[in-house]
2 protein chains.
Amino acid sequence: MPRFFCDDISDGMINITGPDARHIGRSLRMRLGDEITVCSGGVEYLVKILTISDECVSCEQLEKKESENEPDVYVTLFQAMPKSDKLDLIVQKATELGVSRICPVLTSRCVSRPDKKSFDKKLERLQRISLEACKQSGRARLVEITPLLSFNECLEEMKGCDVSLFCYEKGGRSLCRETFEGCKSIGLFIGSEGGFEQEEADRAEASGAVLTGLGKRILRCETAPIAALSVIMNLTGNM
Amino acid sequence: MPRFFCDDISDGMINITGPDARHIGRSLRMRLGDEITVCSGGVEYLVKILTISDECVSCEQLEKKESENEPDVYVTLFQAMPKSDKLDLIVQKATELGVSRICPVLTSRCVSRPDKKSFDKKLERLQRISLEACKQSGRARLVEITPLLSFNECLEEMKGCDVSLFCYEKGGRSLCRETFEGCKSIGLFIGSEGGFEQEEADRAEASGAVLTGLGKRILRCETAPIAALSVIMNLTGNM
């Protein structure tokens, strides 16, 4: 059944606007009385279509339930800005795997250093990719993608997580079940192509992050977040 | 240090031929006496260059050691043929993550059904991608990529593995440490875009495979093998 995301939900009535409205009427050729799933903030609503126009599809709520597809840990991926369009792949896969928030970060070794304007354009694109991945993978909560953070801002954000992992190419502790005991929020910091400076690792560790290793093989900067998120979801009972 | 793969190793002498020879002399501009790493069958050789031509670089062995980068489990990925060039991504990432063998398989729901000739062309390309990933990720053993298997051939091959996992989109057991206790060879079967037929799952289970679930979210067919391999490497102590 088609799945949409919407924030305009009140008193059992749900209005879907924007491109999704047109999509429902034109591409999917849905009709009055057809049922769809609308998601908002981790809740799934089964709804029936009452009216359709290119601007707005209004629906009546039939059922409402907490989604079973959302993980019970809140994982923020802090991803050092990679080259070319690798962030597209990372955002798509991280969304499928259940990440809650993605913060691109500028670190010393980032080759790609977009200015605010060009990053804002990229951000829109990333949000579209993540939205599509939410629909396709059956998620019920959108992934927040933030503007670019500096390394210092990233360390500050990581302090707010129950556990924060700094994936360091020179090695660190392996992830295991015990890493996440009683933990509800996880920060995961992954480097760009060149990895991290030793000084960055030292500062992350001093600020409370766990230096983490992802094995002896050198993973590409787009493989590392996918691998780490998969392991985190498995070890926390979410895969 | 540059890393090459070679099978022509005897009595402490190693000859590198083909495109790698040209690459060493021309692109890398290496000189007589320079040292490189040559890998073969899980062993790393530190060698010194004695002669360089476009056809052959001959080297003398200085040191020889079992690589520490290879996992201690032999994982075969049985991957149902996906559409377009998704197998490229799967091969690259599976290689980085430490897979030993990749067998593309034709299942009921494969949309892409290449004939032998067009698959042979694809196979060459996949082998090149895997070789590059071996070099980049620091592996010491090449990944074997086999011709296309039928579903029946795949089940036969899986019987030879200590544990074989059939990742089924309708759910199954989660992977945990106990899944792999005392296990040296693992078979991992992943579906194509449309997943598997119920009948295929039944037959796999009857032939000894464990129906395995990768969580509540629906992973794309190229995400599933990357996620499963990451979890397998973590749970077997190889990540």
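1. Start with the core. In this predicted model, the largest nonpolar core holds 88 residues. Those with the most contacts inside it are A:Leu77, A:Leu188 and B:Leu188.

2. Look at A:Leu188 next. Leaving aside residues up to four places away in sequence, A:Leu188 touches A:Thr76, A:Leu77, A:Phe78, A:Leu165, A:Cys167, A:Pro225, A:Ala228, A:Leu229 and A:Ile232.

3. Now check helix H2 of chain A, residues 86–97. Its twelve residues, at 1.5 Å a residue, should span 16 Å. The end C-alpha atoms lie 17 Å apart, which agrees. Just after H2(A), A:Gly98 takes a positive phi of about 105°.

4. How many of the twelve residues of H2(A) are buried? Ten are, so H2(A) is largely enclosed by the rest of the structure. Among the buried ones are A:Leu87, A:Ile90 and A:Val91, but also A:Asp88, A:Lys93 and A:Glu96.

5. What do these buried residues pack against? In chain A, the partners are strands S7 (74–80), S8 (101–106) and S9 (144–145), plus helices H3 (116–137) and H6 (223–235).

6. Take the pair H2(A) and H6(A). Their axes are 10 Å apart, at an angle of about 5°. Angles under 35 degrees count as roughly parallel, and the two helices are therefore roughly parallel to each other. H2(A) brings A:Ile90, A:Lys93, A:Ala94 and A:Leu97 to the contact. H6(A) brings A:Pro225, A:Ile226, A:Leu229, A:Ser230 and A:Met233. By class, this contact of H2(A) with H6(A) has seven nonpolar residues, one polar and one charged.

7. An α-helix has 3.6 residues a turn, so residues three or four places apart point the same way.

Key:
Residues numbered from 1 in each chain as written. Chains lettered and ligands numbered in written order. Predicted model: local features only at pLDDT ≥ 70, side-chain atom pairs only at ≥ 80, totals over all residues. Heavy atoms only, no water. Core = buried A, V, L, I, M, F, W, Y, C linked by side-chain atoms within 4.5 Å. Buried < 20%, exposed > 50% of the residue type's maximum accessible area, 1.4 Å probe, protein only. Contact = heavy atoms within 4.5 Å. Helix = DSSP H or I, 4+ residues; strand = E, 2+ residues; numbered from the N terminus. Expected span 1.5 Å × (residues − 1). Axes fitted to C-alpha atoms, helices over the stretch in contact; angles between N-to-C directions. Parallel < 35°, antiparallel > 145°, perpendicular 65-115°, else oblique. Nonpolar A, V, L, I, M, F, W, Y, C, P; charged D, E, K, R; others polar.
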